[in-house]
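Please look over the sequence and the structure below. A short briefing follows, grouped by topic.

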Amino acid sequence: MIFSISKVRYGFRTVPYLFIVVFSLFFIFPAFSEVKIENGIGESFFKNFGQRTGIEGIFSVENLIGQKKSIDVEEVIQKTQDLKLWEDPYWRTLVHYKPTFFGHYKSLVDDPEFFCAKNGKTNPRAELIATVRAFFEEKIEIPEETKEEINSESQKESDGSEKNTKIKKHAIERFPGRYRWICEKLGLKNSDFSYDGDAAYQALLTKLNPGDIYLVFPAGYLKRPASVFGHTFLLVETKGRPRLTANSINYGAVTTLTGGPLYALLGLVGGFKGYYGFEAYYEKIKQYSDMDMRDMWEYRINLTDDEKDRMLRHVFDLAGIYSRYYFTGENCSYNLLFLIEAARPSTKVTELIGGVVEPVETVKLIYESGLTDKVEYRPSIYSKIENEKTLLTKKEQKFAKKLCLGKTTVEDFPFEDISPEKQAALWELCADYLNVLLHSNKISSDEYRPRYLSVLSARRKLGKLNPPEFSVPAHPEEAHGSKKIAFAGGYDKKGGFIGTNFRLTAHEQLERSAGYSENSELAFAMVDLRYNFSKNEFYLQKADLLSIISLPASDLFFFNGASQLLTGLEKNLDKDGSENFAWRLKTLYGFSIRPVSRLQLYALAGIDCYFSPAYSYGTELFAGGETGLIAGNDIFRTKIYADFMLNVFDTEYLRSRFGIESCLSVSKNAALKGGYSFLRNYKKNWHEWNISFNLYF
């Protein structure tokens, strides 16, 4: 029997081990994924949401009140077996069952409390029968003093999450999604059970009063190279209330670690527990848009009221339940797809994505599946400032910065002759930049308040004006495929060659930037295979494991550190002219500026190491830097660069390279690339050039 990677989900848990080799690098870039740092999940899943909606007591033990059951449980179980309901795809969705390599089913949920049967994780039939039995169990009479003792308990696991209390809620209350589906399939109604356990969920639904539901995509974080992946979460509006007050549904890992080798290793092998949780949307905006300066995209999911009910029921199926969190596979984006699939099972979205799961790929999947009918762009405070700057002269920008830093005041405004529109842009720039300074702790709240109020007062005097035009970047759903295969030809040190190269995921520097940070790179598992004509031989040129380039531009208002990280197996020239494989680790840091639109300059410095037993001290260590420029747009982009590296152990050895690379995007998922470079190593000079046709999928 053959299983594709998109079908055999447990194959995803092998993918992270490919990245263990480089986990130690992440002490440099500690934030590889969206990880929530907090103490206590379990029962507190509802605490924040309950306090905000006034329903905190709904999910408590004392709600288990009802009447005597009047139906034969064994008859119901027999009917369940006759219909073989455990083979129903929706049951597999509700319990997150996925096929293994051996053809059996196994749940991706790891918390034992999620299963009614002891072997429920690996036995869909046993889990379904145990669930039906649990639904027909009588309510538990608990003395008041015992209830108080249970509800006041707060036992903690070693990782900070809460243990389940000794007395569990009734199964109907614990699993409202399973309850609805089983009732529909078996023709049962609330009165057939010992009590109306669904009343708790219905009360919550009435309070929540769900309106539109959105998939939200915060773009990559420019200052954090490993976060250029972005993030996704769901947003549930309440009818008649502003979107800012809506509830977000997020899936994230819980950890007290913030970085380092152990953090990276645990994230790659599922060492953290992941939970679903509620959080106010305005808190998410504060975190992503204002503090991290990330643009946000809101995709309305076109669900019916019935589908919204199925989604929300499944959210509460998973209340306080953990699954192992994997940075590259079972992450924030993939696990949200189960909620969407529970709402509309015909989409089968958890089966349509495989390999390393990127947030932008889930956005594309939702869009291409016809699940969204409206897209809204929420610019970050950084993007607002960048747009407001375009309307002002350098002199006007400098005044705005001086005012925000307290070096001048509104009363000293020297530009009375400029148009009201430009004045408005200046005051709005000041207001936004003051918020940046406050959130980055560069000014205190006591300094912030009077400056902010004076700016608002000046803006208010201008009255209502038409807002300036805002340049909206390319939508994330327009992103190219993250996997790539290319067919290449050219000339290298060995002579003429043809070949192919492959990338597992995600984005290279000169490619279309939709869904990614412009002029950035985050690529995994890049393999370059070649065939040499003159020597009639196939050879591996390189097998890079990871490449990260982050070039956020610095300007008058922001200093954004630029950086590069590259590691993998590459051929390295030796003194005798031979090329040997060595493990390469290159780390550079510097800055970048954008003097005019569509042109970016950068300068980086650092080290470039090659590790091999063939070298003295086991390594060749180079120190130096790279400088260059990138020009163009998403259709055609060019990079001109030069780098110089001095061998630390042999100072007479200077390695230099001058080159140009270009990328012409002929369509969303196809591009022509070409490049030329002049190299000098060990006083040997040679030229290299290549051209390739790249397909993305």
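The backbone oxygen of Glu-137 lies 3.0 Å from a polar atom of the Ser-194 side chain. This is a predicted model, where local features need pLDDT of at least 70, side-chain atom pairs count only at pLDDT 80 or more, and totals for chains, interfaces and linings use all residues. Residues are numbered from 1 along each chain as its sequence is written, and side-chain values use heavy atoms, with hydrogens and water left out.

**Ser-194**
- Ser-194 sits in the loop between α7 (176–186) and α8. Helices (H or I, at least four residues) and strands (E, at least two) are DSSP runs, numbered from the N terminus.
- Ser-194 has 2% relative accessibility, so it counts as buried. Buried means under 20% relative accessible area, exposed means over 50%, and partly exposed is in between (1.4 Å probe, protein chains only).

**Helices α8 and α11**
- Helix α8 (residues 199–208) packs against helix α11 (residues 305–317) at an angle of about 120 degrees, and their axes are 12 Å apart. Axes are lines fitted to C-alpha atoms, for helices over the stretch in contact, and angles run from 0 to 180 degrees between N-to-C directions.
- α8 and α11 are therefore oblique to each other. Angles under 35 degrees count as roughly parallel, over 145 as roughly antiparallel, 65 to 115 as roughly perpendicular and the rest as oblique.
- From α8, Tyr-201, Gln-202, Leu-204, Leu-205 and Leu-208 meet Asp-309, Leu-312, Arg-313 and Phe-316 of α11. Contact means heavy atoms within 4.5 Å.
- The contact of α8 with α11 has six nonpolar, one polar and two charged residues. Ala, Val, Leu, Ile, Met, Phe, Trp, Tyr, Cys and Pro count as nonpolar, Asp, Glu, Lys and Arg as charged, and the others, Gly among them, as polar.

**Helices α2 and α4**
- The axes of helix α2 (residues 73–83) and helix α4 (residues 124–135) come within 10 Å and cross at roughly 155 degrees. That makes α2 roughly antiparallel to α4.
- Glu-74, Val-76, Ile-77, Thr-80 and Gln-81 of α2 meet Arg-125, Leu-128, Ile-129, Val-132 and Arg-133 of α4. By class, the contact of α2 with α4 has five nonpolar, two polar and three charged residues.

**Helix α14**
- Seven of the nine residues of helix α14 (residues 381–389) are buried, so α14 is largely enclosed by the rest of the structure.
- The buried residues of α14 include Ile-381, Tyr-382 and Ser-383.
- Their cover includes α10 (281–291), β10 (372–378), α15 (394–404) and α16 (420–439).

How values were computed. A polar contact is a pair of N or O atoms within 3.5 Å; within protein, one must be able to donate a hydrogen and the other to accept it, and residues adjacent in sequence count only if both atoms are side-chain atoms.
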